[in-house]
Amino acid sequence: MTPELKDDPATAEDRRVGVRVRTVFQTARVVTEDQSQYLGLLRNISPCGMMIETFVPIRTGAQILIEPKMFDPVRATVRWSDGRRVGVELLNRPLT
């Protein structure tokens with residue numbers, strides 16, 4: 001595991017209970033509530049959520065579908081947004 005970065009917005013007031021694993025930019029399709037589709041880069045993954053870097057802002061509270069190549073699609077709620085980065089909580093199941 002790579003140590004956490006101090007300028008990472010996910011570390012501010014961190015309320016996560018699971019261990020976060022830094023990834024090497026796994027790509028995923030992000031589908032928003034209005035069925036718009038965007039490319040996302042998965043940055044941090046934990047059993048119940050992840051941080052995604054997107055090329056468009058996604059509002060806090062939005063329901064999204066994440067379709068990565070490394071595991072089955074998952075539904076999530078955006079819990080925080082900082083410009084092009086969003087932190088999401090998985091809705092249906094923890095990642096194993």
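The model is predicted. Strand S3 has six of its six residues buried, so the rest of the structure largely encloses it. The structure holds five salt bridges.

- Strand S3 covers residues 49-54, and six of the six are buried.
- Gly49, Met51 and Glu53 point one way from S3. Met50, Ile52 and Thr54 point the other way. Both sets are buried.
- In a regular strand, side chains alternate between the two faces of the sheet.
- Strand S2 (residues 37-46) runs antiparallel to S3, and six bridges join the two.
- Asn44 has Met51 in S3 as its bridge partner.
- Gly49 has Glu89 in S6 as its bridge partner.

- Strand S4 spans residues 63-68 and strand S5 spans residues 74-82. The two run antiparallel and are joined by four bridges.
- Ile66 stands opposite Val74 in S5.
- The hairpin from S4 to S5 passes through five residues.
- Strand S6 (residues 85-90) pairs with S5 over six bridges, in the antiparallel sense.
- Thr77 has Glu89 of S6 opposite it.
- S5 and S6 form a hairpin with two residues between them. Gly83 sits in that turn, with a positive phi of about 70 degrees.

**Phe25 in strand S1**

- Phe25 belongs to strand S1, which covers residues 21-31.
- Phe25 counts as partly exposed, because its relative accessibility is 43%.
- Phe25 and Leu41 are 16 residues apart along the chain. Their C-alpha atoms are separated by 5.3 Å.
- Setting aside neighbours within four places in sequence, Phe25 is in contact with Leu41, Leu42, Arg43 and Glu53.

- Side chains of opposite charge can pair when their charged atoms come close.
- Arg29 and Glu67 meet through their side chains in a salt bridge, at 2.6 Å from N to O. Arg29 lies in strand S1 and Glu67 in strand S4, so this pair ties together parts that are 38 residues apart in sequence.
- Arg29 is partly exposed, at 41% relative accessibility. Glu67 is also partly exposed, at 24%.
- Glu33 and Arg59 form a salt bridge, with their closest N and O atoms 2.8 Å apart. Arg59 lies in the loop between S3 and S4, and Glu33 in the loop between S1 and S2, so the pair ties together parts that are 26 residues apart in sequence.
- Glu33 counts as partly exposed, at 44% relative accessibility.
- Arg43 forms a salt bridge with Glu53, and the closest N and O atoms are 2.8 Å apart. Arg43 lies in strand S2 and Glu53 in strand S3, so the pair ties together parts that are 10 residues apart in sequence.
- Arg43 is buried, with a relative accessible area of 15%. Glu53 counts as buried too, at 15% relative accessibility. Buried here means under 20%.
- A network of salt bridges links Arg43, Glu53 and Arg84.

Technical notes
Residues are numbered from 1 along each chain as its sequence is written. This is a predicted model: local features need pLDDT of at least 70, side-chain atom pairs count only at pLDDT 80 or more; totals for chains, interfaces and linings use all residues. Side-chain values use heavy atoms; hydrogens and water are left out. Two strands pair if DSSP finds at least two bridges between them. Buried means under 20% relative accessible area, exposed over 50%, partly exposed in between (1.4 Å probe, protein chains only). Contact means heavy atoms within 4.5 Å. A salt bridge is a side-chain nitrogen of Lys or Arg within 4 Å of a carboxyl oxygen of Asp or Glu.
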